[in-house]
Amino acid sequence: NAKVYTQYSQAKEVKREGWVRRGIVGGENIVEHMYNCWLLGMLHLPQSYEKEKGYDKQAILNMLLIHDLAETETGDIVRDEKMLDHERYNREENSAMNRLLLNSTYPKKPNLEIYRTYWQQWYLQKDINAEIAKDIDEIQAVFQFCNYYLQYPDKFTDDDATRWISGIYSLKTELGEKIADSLITNNPKFKKIVQLLD
C-alpha cells in the first residue's frame, strides 16, 4: 500500500510535456490539470440534464479526478506524438491504471472497484458521461493554452494558437460546446486568439 501511494502521490512531479517543451517555468503538472478539469466540471455542469439519458454529474467529476493518474507511470505524452501511435499509448495508459485500480482488494483498504468502473467509462468512451468528461479535458487544455499564450507570447506562434483553438470545434456534446463558448469562444480576454480562426 505504501509503495502504491508513494508512486501515485508523485503525480505532482509530472509536468504537462507540451508546456515543458515551450520552456514555461512552473508550467502546469498533471495534478493541477486533473484538479482544474474537476473544478471546471463542478462549476459548469448542471446537477441534472434531462436532454441526455444517463447523465450523472458525479460520475463525470470522478472520471476527471483520476483520468491522468497513469501518467505518473507513463509520463505525459504530447498530443501530436500520441496520435502517431494512439493504440499503443492507450494500451500503456490502460495497463498502468489497471495495475492501480484492479488491485481492488488492498489489505484493510476500501475496495477500489467503483474507480475502476469510472476509469473504464473514460477509457472506452461509450457513454454520455465519458464524452462530456473528455470534452472538459479538451476545454481545460485549450483554456490553459490561451492563458499561457497571452502570458508568454514569445513561446507560441499564431499557428500554435490556431491548432489549439480548433480543438473546441470538435467537441462531442452540447454541454461541452456551451462550456467552451462561455470560457473561451465568448471570453473577451481570448478574443484575439479566437479571431485567428476567422
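Contact here means heavy atoms within 4.5 Å. The model is a predicted one, in which local features need pLDDT of at least 70, side-chain atom pairs count only at pLDDT 80 or more, and totals for chains, interfaces and linings use all residues. Residues are numbered from 1 along each chain as its sequence is written, and side-chain values use heavy atoms, with hydrogens and water left out.

Begin at Ile136, which, once its neighbours within four places in sequence are set aside, is in contact with Cys37, Leu40, Gly41, Leu45, Ile60, Leu64 and Ile179. Ile136 and Ile184 touch the most other members among the 48 residues of the largest nonpolar core. Such a core is a set of buried Ala, Val, Leu, Ile, Met, Phe, Trp, Tyr and Cys residues joined through side-chain atoms within 4.5 Å, where buried means under 20% relative accessible area with a 1.4 Å probe and protein chains only. Helix 9 supplies the largest share of this core, 11 residues; helices are DSSP runs of H or I with at least four residues, numbered from the N terminus. In soluble globular proteins, nonpolar side chains tend to be buried together.

Helix 7 has 16 residues and spans 22 Å from its first C-alpha to its last, close to the 22 Å expected at 1.5 Å a residue, the expected span being 1.5 Å times one less than the number of residues. Its buried residues include Tyr89, Glu93 and Leu101, and the elements that cover the buried residues of helix 7 include helix 1 (2-8), helix 4 (57-66) and helix 8.

Which residues line the largest cavity? They are Glu71, Thr74, Gly75, Ile77, Lys82, Tyr89, Glu92 and Glu93, and helix 7 gives the largest share of them, three residues. On a 1 Å grid over the protein atoms alone, a cavity is a set of points where a 1.4 Å probe fits but cannot get out, whereas a pocket is an open set with protein on both sides within 12 Å along at least five of seven lines, and lining residues have an atom within 4 Å of a point. The largest cavity holds about 70 Å³ of space, a volume being the space filled by probe spheres set on the points, which are joined across faces, edges and corners.

The largest pocket has a volume of about 1,200 Å³. Of the 36 residues that line this pocket, Val78, Arg79, Lys82, Asp137 and Glu138 are the closest to its centre. Helix 9 contributes the largest share of the pocket lining, five residues.

Note on methods. Helix = DSSP H or I, 4+ residues; strand = E, 2+ residues; numbered from the N terminus. Buried < 20%, exposed > 50% of the residue type's maximum accessible area, 1.4 Å probe, protein only.
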